[in-house]
Amino acid sequence: MAWLSSILALLLVVFALLAPNQLTLLTPGAFLRLPVEALLVVALVLLLPAWGRRVVAVPVGVALGLLAIVKVVDMGFFAVLARPFNPVFDWVSFGAGADYLAESYGRTGAVVAMVAAGLLAVGLLVLMTLSVLRLTRLVVGHRRAATHTVSALGAACVVCALFGVQILPDVPVSTLSYDRVLQVQAALRDQEVFAAEARVDAFRDVPGDRLLTSLRGRDVVLAFVESYGRSAIEDPAIAPGVGATLDNGYARLRTAGYAARSGWLTSPTTGGGSWLAHATMLSGLWINNQQRYTHLVASDRMTLNRAFQRADWRTVGVMPGITQTWPEGRFFGYDEVHASKELGYRGPQFSWAQMPDQYTLSVFEQREHAAPGHPPVMATIPLVSSHAPWNPIPELIGWDQLGDGSVFGPMAETGDSSDEGWRDSARVRVQYGRAVEYSLNTIVSYLERYGDDDLVFVFLGDHQPAPLVTGENAGHDVPVTIVAKDPAVLDRISGWNWQDGLKPGPDTPVWRMSDFRDRFLTAFGP
């Protein structure tokens, strides 16, 4: 039992030191490395007296426990957001994750998951500390063998580092776990970098009568389609259905008198963090972490909404995903925010989505676009039916049948449950494609029914879906489309070289999402 305990302690410590932080990299070859940090600690233990060993072993155990926890969290972040956890920026993500669990699986399920995660984290810290203490005693009990081993392995590390020796390709023999320190340093410096970027604003002092002059008298809608990424158009497993939806949708819009141009934007996030993409699009700044977002909404940066507001548009947000207080709305420059609880929806919730996109657009139509004698309106509308977990998915119905949304009741009872849908990755991809198709069909149907000569409709994806859908290294690009009936509107962006229709081509230009604000204001200015 003593030797078994020692072996298990060693395996736990080795996992903390050598395990990669991505599930896809968790292979036997990943452990064919020499943990330099462990050799240094063993050497120190051999030199210290008994009391000093305990002083070293406990904090080392806690540190290794924290490192193991961070790696496990990284695995989750890579699986959902395609990036590692950032210990400076990402604490807010745990709150967002808890909200997602509660909305998708119920409050009880969320509480159980969070309690279990907390107990596992505490247990890992305790076990890791006990493991280090046990291995420390083992090293001291076999001082001679430990000294020879550390000396030999230390020499091997030096040789391998000098000559770049690798047992497997791209897996160096020696390694140091200081990447988190470097990451924290870069994160702390990012505040200064962002402040310098935010000081540059070509449109800060432009008077309202010089802004958006080519759109005077028109209503403008900016709709974010949740998780609508480049993979929806180009991934062979998803593209046929979404592509057919876009092609058919454009044919219908052409019949209704519309034209459209489409391009690509690179989102600052993927898999989640929609608010970062929204802030990037509206502010013209690259908002790729929570620290930047917090500083942005505390500033006086002129957003795209504020530009329309300054030019005498009525600015509104129709926000089906806003279920709590949202003080940021004041920063973005909305004259009015129609939040979820104010939209009058009495139908069922579709997993995370509070209501179907069709209902959201119908509220905008009734309260803003169809209001008699309304001033020109600029609306920001997140469409959330394509939000994970993509079960169940609503269906389009007649616009006159919507009422208070109760009609959607039977639809919410069909299909897989949220947890069942995630058990099969192929099924998840199918459901994701269907959800995106629903959102796109809803936009087309809305334009057919309620569009007029003075409506300009811009819709884009906020980010790519999770790597479970896209696969590894899928990129951050999302489609963006401008639809209008008046040819003069699209003539203003002819220099952008965007693709005709609702579907950008593979060679269509790609911009950072933060570039859109300035390009849009320039194109539709004097």
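## Overall composition

Buried residues make up 50% of the 526 residues in the chain, where buried means under 20% relative accessible area, exposed over 50%, and partly exposed in between (1.4 Å probe, protein chains only). The model is predicted: local features need pLDDT of at least 70 and side-chain atom pairs count only at pLDDT 80 or more, while totals for chains, interfaces and linings use all residues. Residues are numbered from 1 along each chain as its sequence is written, and side-chain values use heavy atoms, with hydrogens and water left out.

The secondary structure comes to 19 helices and 13 strands; these are DSSP runs numbered from the N terminus, with helices (H or I) of at least four residues and strands (E) of at least two. Of the contacts with a separation of 6 or more, 76% join residues 24 or more positions apart, contact meaning heavy atoms within 4.5 Å. The accessible surface of the chain is about 23600 Å², and carbon and sulfur atoms hold 61% of that area. Accessible areas come from the Shrake-Rupley method with a 1.4 Å probe; for residues, only the protein chains shown count as cover.

S9 pairs in the parallel sense with strand S5 (residues 219-225) over 6 bridges; two strands pair if DSSP finds at least two bridges between them. Leu383 of S9 is the bridge partner of Val225. S9 also pairs in the parallel sense with strand S7 (residues 314-319), over 4 bridges. Here Thr315 has Met378 as its bridge partner, and Val316 has Ala379.

## Strand S7

In S7, 5 of the 6 residues are buried, so this strand too is largely enclosed by the rest of the structure. S7 pairs with strand S8 (residues 336-339) in the parallel sense over 4 bridges, and Gly317 stands opposite Val337 in S8.

Helix H5 (residues 107-141) has 35 residues, which at 1.5 Å a residue should span 51 Å; its end C-alpha atoms are 51 Å apart, in agreement. The expected span is 1.5 Å times one less than the number of residues. The buried residues of H5 are Ala110, Leu124, Met128, Thr129, Ser131, Val132, Leu135, Thr136 and Val139.

Leu12 lies in helix H1 and is partly exposed, at 23% relative accessible area. Leaving aside neighbours within four places in sequence, Leu12 is in contact with Leu124, Leu127, Met128 and Ser131.

## Nonpolar surface patch

Met1, Leu4, Ile7, Leu8 and Leu11 make a nonpolar surface patch of about 560 Å². Patches are made of residues with over 30% relative accessible area and no salt bridge: like charges are joined within 9 Å, nonpolar side chains (Val, Leu, Ile, Met, Phe, Trp, Tyr) within 5 Å. A salt bridge is a side-chain nitrogen of Lys or Arg within 4 Å of a carboxyl oxygen of Asp or Glu. Leu4 belongs to helix H1 (residues 2-18) and is partly exposed, with a relative accessible area of 44%.
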